[in-house]
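Subject: Handover of a structure

Dear colleague,

Please find below the structure that I am passing on to you, followed by a description of what was found in it. I would be grateful if you read the text with the structure open beside it.

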Amino acid sequence: MEDTQIIALYWQRSSDAIRASEEAYGAYCFTVANRIVENREDAEECVNDAVLDVWNSIPPQQPRS
């Protein structure tokens, strides 16, 4: 799924946005977080927090294309 489609799902407040984000970026985000915190559970929590922040930001914020 394209980023613009994922953003549109967030604007619609669709829970599919979270699934699409996880499919597109979950593994990458987890890898980055895990390399920083070096703990699986903490890395998962970091990724979850990031997704929640995105959910709470869109709307009203519009990401740049």
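Which residues does Ser 21 contact, leaving aside its neighbours within four places in sequence? In this predicted model, they are Ile 6, Tyr 10 and Gly 26, where contact means heavy atoms within 4.5 Å. Ser 21 belongs to helix H2; helices (H or I, at least four residues) and strands (E, at least two) are DSSP runs, numbered from the N terminus. With a relative accessible area of 12%, Ser 21 is buried. The terms are set as follows: buried is under 20% relative accessible area, exposed is over 50%, and partly exposed is in between, with a 1.4 Å probe and protein chains only.

A note on the basis of these values is in order. Residues are numbered from 1 along each chain as its sequence is written, and side-chain values use heavy atoms, with hydrogens and water left out. Because the model is predicted, local features need pLDDT of at least 70 and side-chain atom pairs count only at pLDDT 80 or more, while totals for chains, interfaces and linings use all residues.

Apart from neighbours within four places in sequence, Ser 14 is in contact with Leu 9 and Trp 55.

Leu 9 itself is part of helix H1 and counts as buried at 14% relative accessibility. Not counting residues up to four places away in sequence, Leu 9 touches Met 1, Ser 14, Asp 16, Ala 17 and Ala 20. From C-alpha to C-alpha, Leu 9 and Val 54 are 12 Å apart in space, and they are 45 residues apart in sequence.

Thr 4 and Ile 18 are 14 residues apart in sequence and 14 Å apart in space, C-alpha to C-alpha.

I turn now to the packing of helices. Two packed helices are described by the angle between their axes and the distance between the axes. Helix H2 (residues 16-37) packs with helix H3 (residues 40-57) at an angle of about 135°, and their axes are 8 Å apart. Axes here are lines fitted to C-alpha atoms, for helices over the stretch in contact, and angles run from 0 to 180 degrees between N-to-C directions. H2 is therefore oblique to H3, since angles under 35 degrees count as roughly parallel, over 145 as roughly antiparallel, 65 to 115 as roughly perpendicular and the rest as oblique. On the side of H2, the contact is made by Ile 18, Cys 29, Phe 30, Ala 33, Asn 34 and Val 37. On the side of H3, the residues include Arg 40, Asp 42, Glu 44 and Trp 55.

Finally, the protein chain as a whole has 3 helices and 0 strands, and its pattern along the sequence is α-α-α. Its C-alpha atoms fill a box of roughly 35 × 20 × 20 Å, taken along the principal axes. Of the 65 residues in the protein chain, 22% are buried.

Yours sincerely
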